[in-house]
Amino acid sequence: MSDIRLRFAPSPTGYLHVGGARTALFNWLLARKLGGTFILRIEDTDVARSTEESVNAILEGMRWLGLEWDEGPFFQSDLFPVYREYVQKLLQEGKAYRCYCTPEELEKKRELAMAEGRKPKYDGSCRGLKEEIPDKSFAIRFRAPQDGITAFDDLVKGSISFNNEELDDLIIQRSDGTPIYNFTVVIDDATMKVSTVIRGDDHISNTPRQILLYEALGFPVPRFAHVPMILGSDKARLSKRHGATSVMAYRDMGYLPEAMVNYLVRLGWSHGDDEIFSREELVDKFTLEGIGKSAGVFNPEKLLWLNAHYIKNGDPARLAELLLPFLRERGVEPTADGPVLATVITTLQERARTMLELADGALFYYRSEVLYDEAAAAKQLTSLQYPILTAFTQRLAAWEDMTPAGIEVLFKEFCTAQGIKMGQVGPSVRVALCGVTSSPAIYDVIAVLGKDETSRRLERAISFVATQL
RNA sequence: GGUCCCAUCGUCUAGCGGUUAGGACACUGGCCUUUCACGUCGGUAACAGGGGUUCAAGUCCCCUUGGGAUCACCA
């Protein structure tokens with residue numbers, strides 16, 4: 001195992017959304033490619049906003065996508081004593097100081113500064129305080145350099161630099177004693193020996209502050225790779241109003257994890273003109289250099305296309321396993337007396353784009369009483385079809401070869417014998433067996449249903465037609 | 001508003017000084033076909049604008065414009 005160490009560090013304030021999932025994926029991919037370590041760390045220092053449900057939702061999402069972690073999950077809420085220690089160290093070294101300003105005062109100052117067109121930057125009121133003020137609550141601020149520049153060489157964006165005068169003395173510990181993100185992230189990435197930080201580029205502006213903290217603490221600064229944001233169709237940051245953003249919502253909408261992974265990786269990363277990647281290919285081909293610099297729009301259409309691709313090429317037995325819950329939702333429980341689900345799926349794969357469509361398409365195989373679509377029956381199950389349906393049913397009874405190819409021969413011979421075209425018998429049989437005008441190839445349907453069930457359904461259709469005579 | 005980031009078809013992108021600017025999704029025309037699909041062949045469609053540098057610029061530099069991010073005792 002190399003000393004490359006990557007981490008995904010979500011805050012448990014909601015489900016795993018597609019943006020976070022992609023960041024996790026990039027980290028996971030690089031760790032796997034380089035034989036490094038992938039760490040999962042839950043950033044729950046904000047006790048008020050963090051929930052256990054969110055933690056579970058995130059873990060569930062990670063597992064669904066197959067992004068297994070090597071270390072963790074670590075919880076920052078378990079590490080508070082560690083952070084306090086480092087805060088004390090900074091305090092003793094004069095690199096941090098107590099700030100007695102109240103949030104309300106600060107808020108006022110900020111508003112005033114904004115109103116006057118000045119930078120909403122901490123004015124440093126408490127920076128020069130010599131004495132501690134007893135019995136007054138205080139937060140702790142990092143004493144940041146007031147001049148000079150802080151620069152870093154971002155692995156995806158290139159070199160980025162900030163004037164230190166733009167940065168203010170950020171609070172590293174709240175007045176209630178809990179630490180703040182920009183501080184804990186530095187301590188953790190340093191103590192967990194994270195070598196490369198891959199995260200969303202909304203963190204770019206935090207980076208110089210964090211670098212200053214690394215330096216003040218005497219830690220080596222990791223490499224940074226800031227990946228672009230994912231946007232909605234209106235080019236605004238992706239949010240709920242653009243539709244589903246939770247990866248688990250996509251599972252529930254019938255998407256396969258491999259489709260989601262494939263889609264996500266191609267949103268912002270590319271390898272020439274390649275579009276389809278197996279997990280193994282991704283691990284093999286993934287590099288940070290392949291990540292683009294600009295934000296990308298989430299395109300559900302393309303995700304859908306990929307999902308269709310993976311359903312079409314998926315292993316029927318595995319798809320059958322994944323399909324079960326969707327079937328149950330529809331009140332169908334494939335049992336031993338019905339056709340084998342995996343076989344049913346082979347007839348449906350190339351016409352379903354989601355597991356939902358697959359489930360809907362499989363329904364008729366398992367319903368003992370086929371539901372006739374009104375329009376379809378009106379056209380294909382009328383008294384006109386009575387003689388043909390009857391003749392076909394009789395012919396089928398004597399037919400031996402029940403393979404799809406054999407059944408095709410049956411139809412050919414039947415048409416010849418009756419002096420009719422396929423179009424005069426096929427559609428009616430289809431509606432008799434499936435209830436609708438769009439279905440898998442009729443030869444396949446008959447082969448899967450078997451002769452008995454096919455005959456039963458034909459008889460029922462004949463009865464139905466007979467009532468119209 | 002300050003700071004930072006970004007800019008090739010509608011969308012995702014290839015391109016890393018010399019290309020008829022390629023692929024994919026979507027859209028669309030033909031073919032295949034017992035339905036619906038799949039598949040297949042083809043089509044429409046882009047270098048934001050302006051200055052440089054260079055024999056040569058989508059590729060390098062600058063400006064403009066446009067988008068985004070961030071400015072918390074959130075992460």
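A: Gladly, keeping in mind that this is a predicted model. Strand β5, residues 139-142, is joined to β8 by two bridges, and the two strands run antiparallel.

Q: And what stands opposite Ile140 in β8?

A: That is Gln173, which faces Ile140 from β8.

Q: Which strands make up the open sheet, and in what order?

A: The open sheet has three strands in the order β4-β5-β8, with antiparallel pairing. Its edge strands, each pairing on one side only, are β4 (96-99) and β8 (171-173), and the twist from one strand to the next averages 45°.

Q: What is the bridge partner of Asp153 in β7?

A: Asp153 has Ser159 as its bridge partner in β7. Strands β6 and β7 (residues 158-163) run antiparallel and are joined by six bridges, forming a hairpin with three residues between them.

Q: Changing topic, which residues touch the most other members of the largest nonpolar core?

A: Met62, Phe298 and Val429 do, in a core of 106 residues. Helix α18 (residues 442-466) contributes the largest share of this core, with 10 residues.

Q: What is Val429 in contact with, leaving aside its neighbours within four places in sequence?

A: Val429 is then in contact with Leu389, Phe392, Phe411, Ile442, Ile446 and Leu458. There is also a second, separate core of 33 residues, including Leu91, Ala96, Ile172 and Tyr214.

Definitions and conventions. Residues are numbered from 1 along each chain as its sequence is written. Chains are lettered from A and ligands numbered from 1 in the order in which they are written. This is a predicted model: local features need pLDDT of at least 70, side-chain atom pairs count only at pLDDT 80 or more; totals for chains, interfaces and linings use all residues. Side-chain values use heavy atoms; hydrogens and water are left out. A nonpolar core is a set of buried Ala, Val, Leu, Ile, Met, Phe, Trp, Tyr and Cys residues joined through side-chain atoms within 4.5 Å. Buried means under 20% relative accessible area, exposed over 50%, partly exposed in between (1.4 Å probe, protein chains only). Helices (H or I, at least four residues) and strands (E, at least two) are DSSP runs, numbered from the N terminus. Contact means heavy atoms within 4.5 Å. Two strands pair if DSSP finds at least two bridges between them. Axes are lines fitted to C-alpha atoms, for helices over the stretch in contact, and angles run from 0 to 180 degrees between N-to-C directions.
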